[in-house]
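Subject: Structure for your files

Dear colleague,

Here is the structure I said I would pass on. My notes on what was found in it follow below.

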Protein chains: 2
Amino acid sequence: MTAEEAETAARMFKALGDPVRLRLFSAVASHEGGEACVCDISDVGVSQPTVSHHLKKLKEAGLLTSERRGTWVYYRVEPSVLAAMGKLLSLPAAV
Amino acid sequence: MTAEEAETAARMFKALGDPVRLRLFSAVASHEGGEACVCDISDVGVSQPTVSHHLKKLKEAGLLTSERRGTWVYYRVEPSVLAAMGKLLSLPAAV
DNA sequence: CATCTATGTTGACGTCCATCGATACAGCTG
DNA sequence: CAGCTGTATCGATGGACGTCAACATAGATG
């Protein structure tokens, strides 16, 4: 594993390395239709600006995508990235 | 996902959220026999104390175990924890 | 246009973290 | 015991991070 690969992958793990972000991500992923409006998932015990901040981080890490539809903004999981992370975890275990 | 579950899982993701730790972890996991001596994997571009520090973090997160054999210390991957993290990543993607 | 709700941005603050040099400890070898 | 190598700990430092209050923006509606 090169330094560049590690840098990229570490960004994704780091994004899930915060309890609030992990709950937000899980909420989006397990929500009906694979997407969720911010208002559906913002009950994680922190203020609204903090929720917005964490969703932005998850988006920057490539784990979520967002789309505005009228008044609300919907987030959904980026499936390809999930697969990459899963591979990183399952591959070494098989050795 | 409860706050407690998120707290526990986030600790594991956070441990892999540093490029140096991710490279160390990957090096141990992919090393012959599933274990590696520190001297085998310490070429990640940081000082020896820093390597030791990161290995300790991975150990505290429950991702690695260590055992001293004579002069050298060997680290190996904790398989059960890997499975738990993999489940967290693959389960929501299936929904 | 005025106003309301939903969401994002900014600035500040306290805390945690990665890194290093210096040093200590463990085990081998002479 | 003395000296050497491999690994861990300590203390310090600079930077990154999570959180909030205040404010800004987008879209809907009257």
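In chain B, strands β2(B) and β3(B) make a hairpin, with two residues between them. B:Gly70 sits in the turn and has a positive phi of about 70°. The pairing of β2(B), residues 64-69, with β3(B) is antiparallel and runs over six bridges. Within this pairing, B:Glu67 is opposite B:Tyr74 of β3(B). Please keep in mind throughout that the model is predicted.

Chain A holds five helices and three strands, and their order along the sequence is α-α-β-α-α-β-β-α. The C-alpha trace of chain A spans about 45 × 25 × 20 Å along its principal axes.

Salt bridges come next. Over all chains the count is six. One of them joins A:Arg69 to A:Glu35, with 2.6 Å between the closest N and O atoms. This pair links distant parts of the chain: A:Arg69 belongs to strand β2 (residues 64-69) of chain A and A:Glu35 to strand β1 (residues 35-37) of chain A, and the two residues are 34 apart. In general terms, side chains of opposite charge can pair when their charged atoms come close.

Now the protein-protein contact. The size of an interface is often given as the accessible area lost when the parts come together. Between chain B and chain A, about 2,200 Å² is buried, and carbon and sulfur atoms give 78% of that area. Chain B brings 26 residues to the contact and chain A brings 25 residues. How many salt bridges are there between chain B and chain A? The count is zero. Polar contact across the interface of chain B and chain A comes to two residue pairs, both at pLDDT 80 or more.

On the side of chain B that touches chain A, the elements that each supply at least two residues are α1 (3-15), α2 (19-30) and α5 (79-94) of chain B. Of these, α1(B) gives the most, with seven residues. Sorted by class, this side of chain B has 16 nonpolar, six polar and four charged residues.

The rest concerns the DNA, strand by strand.

DNA strand D has 25 residues around it, and those that come nearest are A:Arg21, A:Ser47, A:His54, B:Gln48 and B:Tyr75. Which part of the strand do they and their neighbours meet? Of the atoms of DNA strand D within 4 Å of the protein, 73% belong to sugar or phosphate, and the rest belong to bases.

- A:Arg21 has a polar side-chain atom 2.7 Å from a phosphate oxygen of DNA strand D.
- B:Tyr75 has a polar side-chain atom 2.8 Å from a phosphate oxygen of DNA strand D.
- B:Gln48 has a polar side-chain atom 2.7 Å from a base nitrogen of DNA strand D.

The surface near DNA strand D draws at least two residues from each of α2 (19-30) and α4 (48-60) of chain A, and from each of α3 (38-41), α4 (48-60) and β3 (72-77) of chain B. The element that gives the most to this surface is α4(A), with five residues. The residues of the surface near DNA strand D comprise ten nonpolar, nine polar and six charged.

DNA strand C is also surrounded by 25 residues, the closest being A:Gln48, A:Tyr75, B:Arg21, B:Ser47 and B:His54. Sugar or phosphate accounts for 75% of the atoms of DNA strand C within 4 Å of the protein, and bases for the rest. Here, too, some contacts to phosphate oxygens can be listed:

- The side chain of A:Ser52 has an N or O atom 3.1 Å from a phosphate oxygen of DNA strand C.
- The side chain of B:Lys14 has an N or O atom 3.1 Å from a phosphate oxygen of DNA strand C.
- A:Cys39 places a backbone N or O atom 3.4 Å from a phosphate oxygen of DNA strand C.

Two or more residues of the surface near DNA strand C come from each of α3 (38-41), α4 and β3 (72-77) of chain A, and from each of α2 and α4 of chain B. The largest share, five residues, is that of α4(B). By class, the surface near DNA strand C has ten nonpolar, nine polar and six charged residues.

Regards

Note on methods. Residues are numbered from 1 along each chain as its sequence is written. Chains are lettered from A and ligands numbered from 1 in the order in which they are written. Side-chain values use heavy atoms; hydrogens and water are left out. Contact means heavy atoms within 4.5 Å. Buried area is the accessible area (1.4 Å probe) that two parts lose on being put together, summed over both. A salt bridge is a side-chain nitrogen of Lys or Arg within 4 Å of a carboxyl oxygen of Asp or Glu. A polar contact is a pair of N or O atoms within 3.5 Å; within protein, one must be able to donate a hydrogen and the other to accept it, and residues adjacent in sequence count only if both atoms are side-chain atoms. Helices (H or I, at least four residues) and strands (E, at least two) are DSSP runs, numbered from the N terminus. Ala, Val, Leu, Ile, Met, Phe, Trp, Tyr, Cys and Pro count as nonpolar, Asp, Glu, Lys and Arg as charged, and the others, Gly among them, as polar. A residue is near a molecule or strand if one of its heavy atoms lies within 4 Å of it. Two strands pair if DSSP finds at least two bridges between them.
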